[in-house]
Amino acid sequence: MNNAVNNGVWSGSWVAERLGVEILGDDALKGMLGLALRRNPKRAHLLVSNVLGKHVPQSPSVVYGHGLALGRRVRELLGEEESGRAVVLGYAETATGLGHAVADGVGVAPYLHSTRRPVAGVARAGGFEESHSHATSHLLLPEDPALLAGTGPLVLVDDEFSTGNTIMNTIRDLHERYPRRRYVVVALVDMRSPADAGRLADFAGEIGARVDLVAAASGTVRLPEGVLEKGQDLVAKHEDPHLGARGCVESAAAAAWARPAPTGPHVIDLPWPPGLPDGGRHGFTPSHRIRLESALPAMAAQLAKAIPEDAARVLVLGFEELMYTPLRLAQELERTVAAEVRYSTTTRSPVLAVDDPGYAIRSRIVFPAHDDPADGPGERYAYNVAGTGDGRGFDAVVAVVDSAADTPALHAPDGLLARLGAHAPHILLAVIPSYVPERPSMLPEPLRGPAFSSYPPEEVGWLLQDLSDVTLEAPTEEREEAIQSGGAHYAESLPVEYQPSERYQKLFQVALETSAVRLAQAVGTVTELVLAERSPRPVLVSLARAGTPVGVLMRRWAKYRHGLDLPHYAVSIVRGRGIDANALRWLAAHHDPRDVVFVDGWTGKGAITRELAEALRELEASDGIGGFDPEIAVLADPGSCVRTYGTREDFLVPSACLNSTVSGLISRTVLRADLVGPHDFHGAKFYRELAGADVSMDFLAAVEACFPEAALEALARTRKLLAADRTPTWEGWAAVERISEEYGIHDVNLVKPGVGETTRVLLRRVPWKILARAGAGADLDHVRLLAEQRGVPVEEIGELPYSCVGLIHPQYTRGATGADGKAVAV
């Protein structure tokens, strides 16, 4: 039908002659690409692939073969071992089928494609923007979040690589959540300019990962000045003003080919395997592929029975993101029938149609969207289906849609099936069941002491799973190297629990004795603010584990002052990966989300505050669960990141001095793909063996004993704060950014401000140096002791908004101490 080069005429010549657009590069380029004009204010031209099976009907074996060949090249590049750890990610909507074919070529790689269709009940695992696209927002909705959480290579597949912006946006988003060492970018054509090619190399260096590129052909597009305006003028000149949303663009010859619509489509009942995903929207594994390929012959036989024997040309027409399954059906049908079989799909993308051999889009059918899209109703398109000036059309069209798109709009008088029926005598409809991941109806009940934690059962319910029997600890230096190299996320392992010396334990006791009243005042203040402003009967949800002792103390204050017996739970939140969505679902099922108050010990630069807000937005988008307030209530807010706090002083919270032995003997939380499934709570360990060193209840008792003494001051502070402007200034974040640059670190995640965060650096990470505010006094005694024990310099600073700041070793490799990661050994 419409080839890139037809009878010696290149299907990009019409645009090239009128706009001065040039395609330069490999000899194969003009055989693979034509040109058309977009109805898009961001980019005038459209590179139209002749081998993708989107806009131009093509032999399905040709389409699938190109993707398969690219996948085999990726496997050769990575080698067998790395290919076995790879995940392939395709881009909606145009490259969903191509990406799937690449995954097949890699052989053992699971596949996921981005989507523009939100699915209720499926949480987002990420997303990104495609700035030049007609529909810019992409969602990642894997059934199993572990699909993206591994550290093996990520293979990103798009039909063309034009500037690299979309790829870099994707990698940036995913690398923050799921760091890894290697990415492979795959495209049919690489059309970047030399400047854009350099940007990708710089970006790879910036994130500290290897980025390879595999393409079937390469070149560049040369655009003259004013091409966007000229293109828009051409579209305005050639667009049919009477077409609207209910017509089709066709030539006189195509109109002669058109015939009255049949009475209705012939619906084919395909023997689809139960539970098999219809594509890669939620993930598609090699075992899924085996099941599909086993079922293809029977399904193709059903199609062949319904196609008239005298049909010479047959089109299998996929539906937007549903490209792979129709492609494989078409490929099997091509082997089964004598007719010439072609494959393409419908699309959201508006493109001008011009019936000229030198133009890639010869005809356009326009019809209303029929899958109730999240962005509302709109036009959809099928290109080069209606016949063209060469007089050739299709004798039969097999429309393949998923069940979510089998709606009255599809069957309406102006719908896709009717529009197709005006141009082909036989219309067949095959409906694939839309796959929606199942979620267990019941989540487990919270874990409670004494079976899990040394807290009494009424003090806190842990929305976690018990991983006590799993070995998760790794040496601090080994963890730091893996985290900073992108080989692991900090939540995939645990540091070895710090066992304090006798001298350090005495420091904790002294700190507790001297700060207990101050702590009680802060506990009283933040609790009274919550009761006055948030809910008269709040549900306290502490962020495990630093927030949990504070949540218990707030619960005790509410009982002491108001006789309230507040529910209290602990949940996991992980920087870069968000809060435990299953824990939120459990809370929403058992409490009014509007009563939930998230509790933490202190703020540093406010990263967790932002993480929580983003996670709650994602939950509302994916599950429709709203009402949670992202504002965290904290004991201390030295970074000025929240409105609800007990104090903004940066003083020592003694619970920061220790790890599990002051937090109910519970470890930091764990999120690792092989341990935490899509329907599980995050994990943690209960260190029962440390019971002899446990001071959790001693800490609570010491602070609670000061409640009577602290009450008047706490209530006075509450009255003042209720009348004050407490709008966060985020001055802590600004200070962290400044320190990051001044000390040559260039990564705010390695700057940990405040006494609590600095203590964590010394206990869990590889510290580089400690910045201490001059005159900070006894609040930093334990910091100085830990720094002395680990050989870390303490640098006094006159102007510092925090009492101290801990700097994690930048660019860490074992044996390095300098900011460049290569200086003298420890």
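User: Which strands does helix α6 lie across?
Analyst: Helix α6 (residues 165-177) lies across β6 (87-90), β10 (154-161) and β11, and runs at about 160 degrees to β10. Helices (H or I, at least four residues) and strands (E, at least two) are DSSP runs, numbered from the N terminus. This is a predicted model, where local features need pLDDT of at least 70, side-chain atom pairs count only at pLDDT 80 or more, and totals for chains, interfaces and linings use all residues. Residues are numbered from 1 along each chain as its sequence is written, and side-chain values use heavy atoms, with hydrogens and water left out.

User: What's the strand order in the 6-strand sheet?
Analyst: That open sheet goes β3-β12-β11-β10-β6-β7, with mixed pairing. Strands pair if DSSP finds at least two bridges between them. At the edges are β3 (22-25) and β7 (111-113), each pairing on one side only. Twist from one strand to the next averages 30 degrees.

User: How many bridges between β11 and β12?
Analyst: There are 8, linking β11 (residues 182-190) and β12 (residues 210-222) in the parallel sense. For instance, V189 has A217 in β12 as its bridge partner.

User: Switching topic: at what angle do α16 and α20 cross?
Analyst: Roughly 90 degrees, with the axes of α16 (residues 547-562) and α20 (residues 707-723) coming within 12 Å. Axes are lines fitted to C-alpha atoms, for helices over the stretch in contact, and angles run from 0 to 180 degrees between N-to-C directions. The two helices are therefore roughly perpendicular to each other, a label for angles of 65 to 115 degrees.

User: Which residues meet there?
Analyst: L553, R556, W557, Y560 and R561 in α16 meet F707, P708, A711, A714 and L715 in α20. Contact means heavy atoms within 4.5 Å. By class, this contact has 8 nonpolar, no polar and 2 charged residues. Ala, Val, Leu, Ile, Met, Phe, Trp, Tyr, Cys and Pro count as nonpolar, Asp, Glu, Lys and Arg as charged, and the others, Gly among them, as polar.

User: And R362, buried or exposed?
Analyst: R362 counts as buried because its relative accessibility is 5%; the cut-off for buried is under 20% relative accessible area (1.4 Å probe, protein chains only). R362 is in the loop between β16 (340-345) and β17 (364-368).

User: Last one: what's the strand order in the 4-strand sheet?
Analyst: β32-β35-β33-β34, an open sheet with mixed pairing. β33 (residues 767-773) and β34 run parallel, joined by 4 bridges.

Key. Buried means under 20% relative accessible area, exposed over 50%, partly exposed in between (1.4 Å probe, protein chains only). Angles under 35 degrees count as roughly parallel, over 145 as roughly antiparallel, 65 to 115 as roughly perpendicular and the rest as oblique.
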